[in-house]
Amino acid sequence: MSDPFDPGRRDVSDPYAPEVAPFQHTEGTDASGQAANDSDVVTKTGTTTVGITTEDGVVIATDRRASLGGRFVSNKNVVKVEQVHPTAALTLVGSVGGAQSFIRSLRAEVDLNDAREGEPMSIHALATLAGNFARGGPFFAIHPILGGVDEDGSHVYTIDPAGGVISDDYAVTGSGMQLAYGAIEGSYDESMSIEEAQDLAARAINSATERDTGSGNGLVFATVTDEGVDVEEFDDVNEVLN
Amino acid sequence: MQGQNQQQAYDRGITIFSPDGRLYQVEYAREAVKRGTASVGVRTADGVVLVADRSARSPLMEEDSIEKLHTVDDHVGVASAGHVADARKLVDIARRYAQRNQLRYDEPVGVESLTKEVTDAIQEYTQTGGARPFGVALLFAGIEDGEPRLFETDPSGTPSEWQATAIGNGREQIMTHLEDEYSEDLTLGDGIALALSALAAASEDALDAVNVDVATADAESGVFRKLDREEIQDYVEDLDVDAEETDE
């Protein structure tokens, strides 16, 4: 027993670190954990991801394109939104490797916490944890949206690469964000139904798909309600637009 | 003689079971709790009450230097019975865990997970060579998601949840009183009166307000607060009046 007041089961020195396992460190990361030299070569999502809250749940929409620096389409059917909690999902924005590693870490922590507490953590706690990980971890620049539902209702958060956590009624991140925000601005209404929010999110993704070289190749919806997370893929945005 | 030596061998190391499956050092630690002055916890719909007997060894001792009630975080606190120094170490583990939880999740720590963090630490001291168990029991009182919660820890590291309970000297008499008098529809004020009368039931002398500490975790405000001397005095006086009426 080296430190008698460290129960030894967890790292008590760092409340921001994951409990289950240390973050995966990658070659080419500097002391701050940011990718120092290979940020141009890694697969990036380019991406436009949208999260919109409604009274009945959260609608998340993303495009499906992966590219190398926005110049070459390296994959045409990426699902850039993943469930990380019984009633929450996170989008992949930025480096694919960084975002996937980030999601694996979050999922493990959520499951561990769920097993200990007997109920899933709140979305605010999940967003705080995600912000801590983004700030302290070795992830490449990532800029995800977290959408979830808990006892307090529907929530959308943006998690920025420095660990900033901001709650909003709706949010967009990714290379097509200005186009998508333009499509949503003025049309959002907090009393919208899930179907209306899906239509608005699809229009936002469509704007980015049409004009942003980093975004395209269809659409993915993740609909989060108190029942869970439902992910649907579409080859063409027009399949869902009325 | 042979048998006696065998017995001694089993109680010298806490990591050694006796042939009938007992850990003597853990049982001796429970005896240390019984020798400590009592603490009482009562959970009501409005909040949780902790009352601690803090009788001073000498009138020369500064009253406020006797620590039986400890604030862990805004919404949760601890009462102890047994070795005060051991209690302080456990309270510090609890305080640090509460703040780690706040940093990690930006939420107040749950009373149940806080208690279990501490009992996990206690358990390590029943299984680690060279260490001795904590000679203290704790009562955790706090508010979790607006609900009052009351937990007990013992030297084996077992957590348990209660409507009302007591630790320390005179536990049997106090428990009998609580079991007779407890009801689920007590107000927080009723809970304080019940905890004080339960403590008095275990003592031959009348309760002296100077010798008790009282704290409440209020469900509405979500705050754990130690009552000041005047407030405690008022409750103890009300108790005396009630007792006289009952006697007549």
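Residues are numbered from 1 along each chain as its sequence is written, while chains are lettered from A and ligands numbered from 1 in the order in which they are written. Because the model is predicted, local features need pLDDT of at least 70 and side-chain atom pairs count only at pLDDT 80 or more, whereas totals for chains, interfaces and linings use all residues.

**Chain B as a whole**

Select chain B, which has 7 helices and 10 strands (DSSP runs numbered from the N terminus: helices are H or I, at least four residues; strands are E, at least two). Its C-alpha trace spans about 60 × 50 × 40 Å along the principal axes. The radius of gyration of chain B is 19 Å, which agrees with the value near 18 Å that a compact globule of 248 residues would have (taken over C-alpha atoms; the globule rule is 2.2 Å times the number of residues to the power 0.38). Of the 248 residues in chain B, 44% are buried (20 or more other C-beta atoms within 10 Å of the residue's own; exposed means 12 or fewer, partly exposed in between; C-beta atoms are placed from the backbone). Among contacts in chain B with a separation of 6 or more, 68% are between residues 24 or more positions apart (contact: C-beta atoms, placed from the backbone, within 7 Å).

**The five-stranded sheet**

Next, colour β3 to β7 of chain B. They form an open sheet of 5 strands in the order β3-β4-β5-β6-β7, with antiparallel pairing (strands pair if DSSP finds at least two bridges between them). At the edges stand β3 (69–73) and β7 (159–161) of chain B, each with a single partner strand, so one side of each has no neighbour in the sheet. On average, neighbouring strands of this sheet are turned by 25° against each other, direction ignored (axes are lines fitted to C-alpha atoms, for helices over the stretch in contact; angles run from 0 to 180 degrees between N-to-C directions).

Within the sheet, pick β4 (residues 76–82) and β5 (residues 136–144) of chain B, which run antiparallel and are joined by 7 bridges. To see one of these pairs, show B:Ala79 with its bridge partner B:Leu139 in β5(B).

**Where the chains meet**

Show both chains. The contact takes 16 residues from chain B and 17 residues from chain A. On the side of chain B that touches chain A, α3 (84–105) and α4 (111–124) of chain B each supply at least two residues, and the largest share, 7 residues, comes from α3(B). This side of chain B divides into 5 nonpolar, 3 polar and 8 charged residues (nonpolar: Ala, Val, Leu, Ile, Met, Phe, Trp, Tyr, Cys and Pro; charged: Asp, Glu, Lys and Arg; polar: the others, Gly among them).

**Chain A: helix, loop and hairpin**

Move to α4(A). The buried residues of this helix include A:Leu200, A:Ile205 and A:Asn206. They pack against β1 (48–53), β2 (58–62), β10 (170–174), α3 (177–184) and β11 of chain A.

A:Ser215 lies in the loop between α4 (194–211) and β11 of chain A. A:Ser215 counts as buried because it has 29 C-beta neighbours inside 10 Å. Its C-alpha atom is 6.0 Å from that of A:Asp63, 152 residues apart along the chain. Residues up to four places away in sequence aside, A:Ser215 touches A:Asp63, A:Arg65, A:Gly174 and A:Ala208, among others.

Finish at β11 (residues 219–225) and β12 (residues 228–234) of chain A, antiparallel strands joined by 7 bridges. A hairpin joins β11(A) to β12(A) through 2 residues, and A:Val220 has A:Glu233 in β12(A) as its bridge partner.

Definitions and conventions. Contact = placed C-beta atoms within 7 Å.
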